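Work through the exercises below with the model in view. Try each task before reading its solution.

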Amino acid sequence: MEKRYFTIGMAGHIDHGKTSLTKALTNVDTDRLKEEKERQISIELGFAPLYEDDEIQISVIDVPGHERFIRQMIAGVAGIDLVVLVVAADEGVMPQTREHLDILKFLGVKTGLVAITKIDRVDGEFIDLVKDDILTELTGTVFEDSPFVLVDSLSHKGIEEMKELIIKRLKEQEMRDAKGAFRLPIDQVFTVKGQGTVVRGTVYEGSVEEGQSLLIMPQGIEVRARQIQVHHKSAQKAYAGQRAAINLSGVSKEDLERGDVLVSSEHFIVTKTIDVAIRVVEELEHLVKQRMPIKLHIGTAEVMGRIVFFDRNEIKEENGEILCQLRLEDEILTKRGDRFILRRPSPQETIGGGWVIDPRGHKYRFGNQTIDELEKKKVGTPKERISAALVEAKSLPLSELIKRTALDEATLTGHLRDEEFVLYNGKEYTLQLLINAIEEDIFDRLQDYHQINPMKMGINKAELLQTMQKRFPKTLLDFVVENGIANSIFKRKEQFVSLATFVPHVPKSWAKRTENMLEELNKDGLKVRYLKDYFGAAGIPDNLVFDLLRFLEDQQLIVPLDEQFAYHGEVFKAAVERLRSQTGSEFEVGEAKDVLDLSRKYMIPFLERLDAMGHTKRVENKRVWKK
């Protein structure tokens with residue numbers, strides 16, 4: 001079973017015990033905020049490991065303070081898989097608790113539990129009153145049917161029960177997509193002496209590995225993941241759901257800021273105009289007016305902009321979803337379905353939140369026609385729904401596409417005939433753009449491999465595709481390779497794949513010495529010296545001998561007899577022809593020695609090589625020529 005990674009968040013009014021509860025659960029004090037304490041590539045500030053076994057890893061985000069809560073929770077939906085609503089037994093539900101509930105609703109958080117803290121401060125009767133108060137407030141929220149846990153962080157009452165409940169609920173939950181393109185909204189940037197720039201954040205989707213080439217968006221800066229750490233420990237990879245610190249090469253701290261996004265693909269959209277569906281809080285203190293300034297919280301970015309309505313000029317009260325547009329002052333990276341929060345910059349107030357319908361918004365006319373168009377976008381055209389399903393799953397049979405798109409078979413098959421969709425293996429559909437992306441990735445990998453290993457005929461197909469199988473089905477990868485071979489982009493010899501235009505060759509720096517070595521081998525004919533002597537005399541270093549020997553054998557420039565001796569390819573070929581012409585259909589060792597004038601030292605390995613290459617077959621004391 002593939003390991004799954006989750007992050008839980010603490011929500012609730014200030015001083016209701018979120019940090020103390022986190023410490024009781026994890027034995028880590030997350031309330032260490034001094035800059036000098038975080039000058040290492042680790043996960044420390046506000047984050048702690050809760051639990052790990054072979055099946056699951058769980059981390060905790062503790063975000064004290066109202067403003068930081070909003071920023072971190074939004075950094076999140078990228079990061080939060082379960083939310084613990086913390087309510088102090090001696091105070092009950094407070095105004096900030098209600099605002100946090102609104103924010104969680106807008107962010108689409110679906111799993112939670114309620115922790116009533118500080119239970120040692122009150123009696124059982126008061127706790128019952130607090131429970132009733134909480135239940136009333138939670139009606140209609142994600143926490144309506146959530147379990148309650150009574151805890152006290154100082155005496156540790158209920159802590160183990162709470163921990164077990166969190167583990168149980170997450171083990172029943174699906175992990176976010178770790179197979180899509182990697183995306184990490186950056187929430188911290190710093191430098192480490194001797195290592196350079198480090199970014200930190202929660203992996204929203206996909207995975208990243210050491211050495212991988214990445215992009216900082218929206219700037220488009222190319223970087224490389226030099227080193228990865230998860231909870232103080234070096235890691236080869238980081239997955240969706242994990243907090244990660246990544247040491248980057250190719251960029252300085254001054255070029256980055258909170259709100260930038262680290263991605264593995266150029267297919268993400270950078271934009272300043274987004275079509276959105278929003279809902280507003282139940283009790284707005286002020287009117288939301290047409291084109292008024294707003295602050296958008298999306299990922300870890302906070303961007304100023306204006307809200308544009310197409311069917312009204314203001315909002316005071318509204319229970320339903322409003323289709324509108326956000327025009328921003330700065331570019332952001334986003335895609336359809338991303339969640340966000342809207343706040344009024346002054347006076348500060350949470351207005352509402354929603355999700356991105358289309359990251360590529362345009363200017364539209366005021367009126368119902370635009371609303372109708374946005375409604376169509378929101379639902380998604382059949383083609384958009386098919387594309388979205390295939391972007392997520394990479395490859396699906398028709399039966400699964402029908403389920404995921406809610407389209408009837410006739411409509412679906414009609415659209416699947418369009419050129420952007422490809423049927424392969426006779427039963428699975430994918431996107432042409434995915435095929436192109438995979439083909440380009442394989443091309444780049446092979447190009448890099450050929451530069452490092454110019455003498456090898458190619459890379460083993462299984463090795464080539466191994467790291468890509470986390471993101472794409474093996475059947476799709478096999479199809480792309482075979483399709484590339486058919487179109488003369490790649491070629492294959494045995495199990496090795498290479499670029500179609502690639503020809504194995506000796507590196508220029510060693511070409512002349514190799515040529516000299518082959519000349520000496522050719523000159524000595526059938527009575528050769530030890531093979532190592534030829535390499536040594538030509539000045540070819542030991543670390544190059546193995547690859548060079550395999551290359552020369554693949555190119556039939558030499559024919560090894562055994563580990564000690566080898567013949568020049570032309571010398572061996574001539575010897576075989578001479579022996580065949582001067583013997584009958586079969587011969588003995590003595591006859592061969594007479595024809596080639598060879599001692600037993602060379603003769604026996606030579607004949608065994610003839611057998612191995614299929615020229616002859618040994619029958620008792622004789623060799624029989626094969627046709």
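**Exercise 1.** Which residues does E439 touch, not counting residues up to four places away in sequence?

*Solution.* This is a predicted model: local features need pLDDT of at least 70, side-chain atom pairs count only at pLDDT 80 or more, and totals for chains, interfaces and linings use all residues. Residues are numbered from 1 along each chain as its sequence is written, and side-chain values use heavy atoms, without hydrogens and water.
Start with helix α10 (residues 432-452), where E439 is found. Helices are DSSP runs of H or I, at least four residues, and strands are runs of E, at least two, numbered from the N terminus. Now look for contacts (heavy atoms within 4.5 Å). E439 touches V480, N483, G484, I489 and F490.

**Exercise 2.** Find the strand partner of F490 in β29.

*Solution.* Take the strands β28 (490-493) and β29 (residues 496-499). They pair (at least two DSSP bridges) in the antiparallel sense, over four bridges. The bridge partner of F490 in β29 is L499.

**Exercise 3.** Why is one side of β27 and of β28 left without a neighbour in the sheet?

*Solution.* First read the strand order of the open sheet: β27-β29-β28, with antiparallel pairing. β27 and β28 stand at the edges, each with a single partner strand, so one side of each has no neighbour in the sheet.

**Exercise 4.** Is F502 buried or exposed?

*Solution.* Go to the loop between β29 and α13 (508-523), where F502 lies. Apply the cut-offs: buried is under 20% relative accessible area, exposed over 50%, partly exposed in between (1.4 Å probe, protein chains only). F502 has 8%, so F502 is buried. Its contacts beyond four places in sequence include H450, P454 and K491.
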